[in-house]
Amino acid sequence: MSEFSVRAVAEGEQRACLDLLSESLHGKAPTDEAWAKMAPSWPAAGKFAAFDEHGTPVGIASSIDVELTVPGGQKLATAAVDGVGVRADWTRRGILTAMMAVQLEDLAARGVPLAALHASEAVIYGRFGYGAATFCKGVSVERPRARLRDGVGRDGVVRFVTPAEAVERVPALYNRFEGTRPGFVARPVNWWPGFFDRVVTGTDGYRVAIHSGPDGDDGFVVYQTIDARDRQAPERGAILDIRDFHAATPQAWAGLWRFLLSVDLVSAVAGRGRPLDEPIAELLTDPRAVNTTEVIDDLWLRLIDVPAALRARAYGAAGPVVLEVLDQQLPDNNGRYVVGPDGVERTTAEADLRLDVATLSSLYLGHGLFGDLALSGRAEVLNESAVARADALFHTARSPWCGTFF
Ligand SMILES: CC(=O)SCCNC(=O)CCNC(=O)[C@H](O)C(C)(C)COP(=O)(O)OP(=O)(O)OC[C@H]1O[C@@H](n2cnc3c(N)ncnc32)[C@H](O)[C@@H]1OP(=O)(O)O
């Protein structure tokens with residue numbers, strides 16, 4: 001069997017790696033023109049690849065440095081892991097396992113406390129210590145039934161901006177939203193050009209609308225309309241499909257919903273990747289106008305430095321618990337931690353709950369309950385009375401939400 005070796009991607013090797021990645025994801029390799037545009041946002045830094053004996057890349061795992069908001073509002077350095085793929089004729093020979101090991105060791109050595117990713121399949125990343133930490137929903141609002149309650153969303157104005165204005169204004173506006181929810185990922189400057197090229201300045205007819213409230217611009221939405229009319233159903237209008245929607249305040253959020261539901265010749269306003277607890281139905285006189293079309297796992301989190309990550313987040317008001325954490329890949333994390341609102345310390349005290357790092361990573365941002373994960377054996381309950389305390393400590397009032405695809 002042929003051998004492979006894993007190492008950092010060197011300058012000049014990126015394009016071959018991107019071709020391989022595109023192929024593994026059933027996409028097309030970029031043309032020279034497309035590559036020239038995207039090369040600046042596809043640096044060699046942060047990429048590891050597996051090479052065959054001829055030096056040809058056959059697997060790749062990438063990451064970019066971002067910040068992620070943890071419960072309590074602190075922003076932690078996070079490796080946003082993306083661009084993972086193995087050439088189809090090299091799969092199931094341990095290449096991903098080898099790349100993940102190198103990447104985790106690199107992140108630990110660089111002192112990056114968290115890693116996060118969006119998984120193509122839910123069965124892949126748990127073995128590397130990742131747990132599904134945020135969930136999101138798809139919604140479809142039946143526009144003809146959707147009447148807003150009196151006074152909702154009338155505190156500001158919404159206006160379209162040109163693609164050029166969007167490129168100039170939206171990234172700065174987005175920075176105002178950081179910290180509004182746990183799980184929120186700050187978008188690095190490298191993230192925006194790809195989004196603008198694909199969506200805003202592309203030919204798919206996306207519109208960008210900005211909401212302004214008493215303190216100026218405070219929200220935006222990017223959407224397209226998809227014509228769904230046919231001869232058999234002439235009454236059916238277009239689907240307004242939300243691509244990106246963020247607001248700094250509840251008023252701006254409601255104002256943007258008012259706008260979206262006001263667009264004529266639209267029969268449904270739909271969006272995917274929305275926060276699990278986005279209270280759209282609360283805005284309407286007929287809450288059944290809102291249909292949830294899916295609920296899916298969104299951000300997968302991996303605590304790289306368990307004590308640093310545990311210390312960085314805030315906790316609910318409850319007595320402390322002792323967690324025993326098991327981490328096969330990064331054994332420095334192994335051990336017991338007393339966790340409570342007054343702080344987090346390593347301890348030799350008896351554990352209340354024993355869990356692996358993937359399970360702890362699932363619970364870290366505030367979604368899910370220890371007791372539920374104990375049902376399937378993912379957490380071992382050693383002291384029954386600690387379960388409710390652990391839930392009160394970790395659970396957050398607002399659902400964690402990432403809000404960014406990478
Ligand atoms: C963050 C992101 O970028 S998500 C995008 C991920 N990329 C893709 O989905 C592209 C298409 N798929 C691929 O490129 C590859 O199949 C990968 C990257 C998912 C897996 O790479 P491989 O080199 O085959 O993984 P590797 O051989 O290390 O497998 C490790 C283990 O995971 C299991 N595994 C890996 N992929 C899968 C899968 N898709 N479904 C089920 N099990 C899987 C293997 O069976 C193996 O299990 P074992 O340890 O019990 O034997």
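In what order do the strands of the open sheet of five strands run? The order is 17-16-15-18-19, and the pairing is mixed. Here two strands count as paired if DSSP finds at least two bridges between them. Strands (E, at least two residues) and helices (H or I, at least four) are DSSP runs, numbered from the N terminus.

Before I continue, a word on the model. This is a predicted model, in which local features need pLDDT of at least 70 and side-chain atom pairs count only at pLDDT 80 or more, while totals for chains, interfaces and linings use all residues. Residues are numbered from 1 along each chain as its sequence is written.

To return to the sheet, its edge strands are strand 17 (343-347) and strand 19 (379-381), each of which pairs on one side only. From one strand to the next, the twist averages 25°. Angles run from 0 to 180 degrees between N-to-C directions, and axes are lines fitted to C-alpha atoms, for helices over the stretch in contact. Strand 15 (residues 321-326) is antiparallel to strand 16 (residues 335-340), with five bridges between them. Within this pair, V322 has V338 in strand 16 as its bridge partner.

Two helices deserve mention here. Helix 10 (residues 386-394) packs on the sheet, where it touches strand 15, strand 16, strand 18 and strand 19, and its direction makes about 85° with that of strand 15. Helix 8 (residues 357-364) lies across strand 15, strand 18 (353-356) and strand 19, and runs at about 100° to strand 18. Contact means that the C-beta atoms of two residues, placed from the backbone, lie within 7 Å.

I turn now to the ligand. Which residues are the closest to it? They are V84, T91, L96, T97 and S120, in a shell of 22 residues; a residue belongs here if its C-beta atom, placed from the backbone, lies within 6 Å of the molecule. Strand 4 (75-86) and helix 3 (95-109) are the elements that give two or more residues to this shell, and strand 4 gives the most, with six.

Finally, two residues other than glycine have a positive phi. H26, with phi near 60°, lies in the loop between helix 1 (14-24) and helix 2 (32-38). L265, at about 60°, is found in the loop between helix 6 (250-260) and strand 12 (266-275). Is H26 buried or exposed? H26 is exposed because 8 other C-beta atoms lie within 10 Å, and the limit is 12 or fewer, against 20 or more for buried and partly exposed in between, with C-beta atoms placed from the backbone.
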